[in-house]
Amino acid sequence: MPLWRCLWRRSAGRKRPVELRLNVTRRCSSVQGEVRVRFAPSPTGFLHLGGLRTALYNYIFAKKYGGSFILRLEDTDQSRLVPGAAESIEDMLEWAGVPPDESPRRGGPVGPYMQSQRLDLYGQTARQLVESHHAYYCFCSSQRLDLLKKEALRTGQTPRYDNRCRHLQAGQIREKLSRAVPHVIRFRLDAGVEPFQDLIFGRSHHEVAQVEGDPVVIKADGFPTYHLANIVDDHYMRISHVLRGSEWLISTSKHLLMYRALGWQPPTFAHLPLLMNKDGTKLSKRQGDIFIQSFQRDGVLPEALLDITTHCGSGFNTNRIGRQMDNLIAEFNPSKITTHSALLDLEKLPEFNRIHLRHRIEDEEQCQLLVADLQGRIQRSCTAEIRDERVLHADYIRRVLHLRKGHISSLKELLSPAYSYLWVRPSVSSQQVAALTTEAQHIASLVLKYVVFITRVLRHAFSLQGCGDSRVFARCRLMAERDGELAVDGLGKDLKTLAKQARDTKYGDVMKLLRLALSGLQQGPSVAEMMVSLGPAEIRHRLQKLSQLSEAG
């Protein structure tokens, strides 16, 4: 029989559980009621792959069930804030195609969305806990806490607070507060934590009071710790489901004790397995290449990043390369999320990027954006060397993109030396030509005549449709085809026929000669593709130069 799990939702004005049924066999889960999820990073650093994955699963969950995705910035650790990180996190989410519905930038009905702007709410909740004897003031100095830690380590124990200030009398507390003795507020961890049902890890139960001291919920500077702030915000922001990393699974029992102390209904929890390197080691922020800004700078497409991040994990009805956001939402099935860590192999990212770049090239609107992007890149890197402004024309760049789709993984590849011939005329020496053949002038003449003939035919293409040899017309039109495999294939056949007219030069050397004249390279795309890319006018210019070199030689 299938196992049905009970999900719980707290909605405004209701404190009773609502049964939400999740089939953990092979059926898709059914979630009822208002769905509100959140991604709550700390701006103590920039967004990295692990954070993007957590945000992505929350976003997909919200869109799958018609809910809202909230970005909340947990900036209470003021000493570790990184300038610009808060703005960058939201920038990168929007770039990645995971935009929040509510956020510090967009606003929303339950803001503010930065914890540093909600301090009164945390202080009010902490006082409520103190008044109900679920929390207490702690006046222990940092020196005493350091001594406790050192003694625990010396005796081979896990450091923990000894709950000393739990036992202070009311008069002692008033006296210390009246003298403004520095203090924090700690939450009382009671035994008897009730098990909870995690959507991914199943039944979980951690008796935190047996292994931890009472945790600080309000620090000496008046700022809350994560443990208090996250439950307060989740409650007042009406969060229905908390999807976060599995490193927080053990802390959830502690959080549930706080919910119980405050009389609040907790959200449903789903702890996502960790994203790790392909060798099983932890994905560390110290790896500079895991930050989303690095991927953006390197020309990685956001949809490729989302695709590889979900492909290495679980939670979908299929697992295939090439999925875009609408596919991810349609195929998402939370009952299929496993507890196994997701092993990420970034060496496969170029393949994912190649596939998604091809999708963009084949989409007319997206292709226009790629053309504009590439135009800017060419102007920035090659302006001084460009001899023919036609290489900046949109039609020319679009033709190049369609011919190279499926072969390149990023636009910047087209600016590498292997493709410089597309934008800059190559430099070729007579010695290079002589090393290949003594018939260079003859071969150049043959191809020039062919190109001139094709150019004339294309000028009068429509008038030829009703007369003459239809095979000639069809063959000559091949160079005008924008979307190129057939065009390249037809031209390749013609070049093979032309090569037979060389007296002492083999077909392979003819192709080497033409490749040298057109690109200055010994390898790369086929000669036919190079010719289709460059177009008749530029082919004539480069072959005439080859002919002149042969004469000079």
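Okay, so let's start with burial: of the 553 residues in the protein chain, 51% are buried, where buried means under 20% relative accessible area, exposed means over 50%, and partly exposed is in between, with a 1.4 Å probe and protein chains only. Before I go on, this is a predicted model, so local features need pLDDT of at least 70, side-chain atom pairs count only at pLDDT 80 or more, and totals for chains, interfaces and linings use all residues. Residues are numbered from 1 along each chain as its sequence is written, and side-chain values use heavy atoms, with hydrogens and water left out.

On secondary structure, we have 22 helices and 13 strands in the protein chain. Those are DSSP runs numbered from the N terminus: H or I with at least four residues for helices, E with at least two for strands. The accessible surface comes to about 26700 Å², and carbon and sulfur atoms hold 50% of that; the areas come from the Shrake-Rupley method with a 1.4 Å probe, and for residues only the protein chains shown count as cover. Now take the contacts between residues at least 6 apart in sequence: 72% of them join residues at least 24 apart. Contact here means heavy atoms within 4.5 Å.

Two packed helices are described by the angle between their axes and the distance between the axes. The axes are lines fitted to C-alpha atoms, for helices over the stretch in contact, and angles run from 0 to 180 degrees between N-to-C directions.

The cut-offs are under 35 degrees for roughly parallel, over 145 for roughly antiparallel, 65 to 115 for roughly perpendicular, and oblique for the rest. The α7 and α8 crossing is right-handed, as in the near helix being turned clockwise from the far one by less than a right angle, with anticlockwise giving left-handed. On the α7 side you'll find Y226, H227, L228, N230, I231 and D234, and on the α8 side S251, K254, H255, M258, Y259 and L262. Sorted by class, that contact between α7 and α8 has six nonpolar, four polar and two charged residues. For the classes, Ala, Val, Leu, Ile, Met, Phe, Trp, Tyr, Cys and Pro count as nonpolar, Asp, Glu, Lys and Arg as charged, and the others, Gly among them, as polar.

Let's stay with those helices and look at the loops that follow them. R238 sits in the loop between α7 and β10, which is 241-245. R238 isn't a glycine, yet its phi is positive, about 60°. Most residues other than glycine have a negative phi, and most peptide bonds are trans. Then P267 is in the loop between α8 and β11, 268-272, and P267 is buried at 4%. P267 and H235 are 32 residues apart in sequence, but C-alpha to C-alpha they're 8.1 Å apart in space.

Next pair: α10, residues 302-311, and α12, residues 349-362, at about 135° with axes 8 Å apart. That angle makes α10 oblique to α12, and the crossing is right-handed. From α10 the contact has P302, E303, A304, L305, D307, I308 and H311; from α12 it has L349, F352, N353, H356 and R360. By class, α10 with α12 comes out as six nonpolar, three polar and three charged residues.

Last pair: α13, residues 364-382, and α14, residues 394-404, pack at about 105°, axes 9 Å apart, and are therefore roughly perpendicular. C367, Q368, L370, V371, L374, Q375 and I378 of α13 meet A394, I397, R398, L401 and H402 of α14. That contact of α13 with α14 has eight nonpolar, three polar and one charged by class. The loop between α13 and α14 holds H393, which is partly exposed at 44%.

Which residues does a cis peptide bond join? G111 and P112, with omega about 0°; P112 is in the loop between α2 (85-95) and α3 (119-131). And N163, in the loop between α4 (142-154) and α5 (170-178), has a positive phi near 60° without being a glycine. N163 is buried, at 14% relative accessible area.
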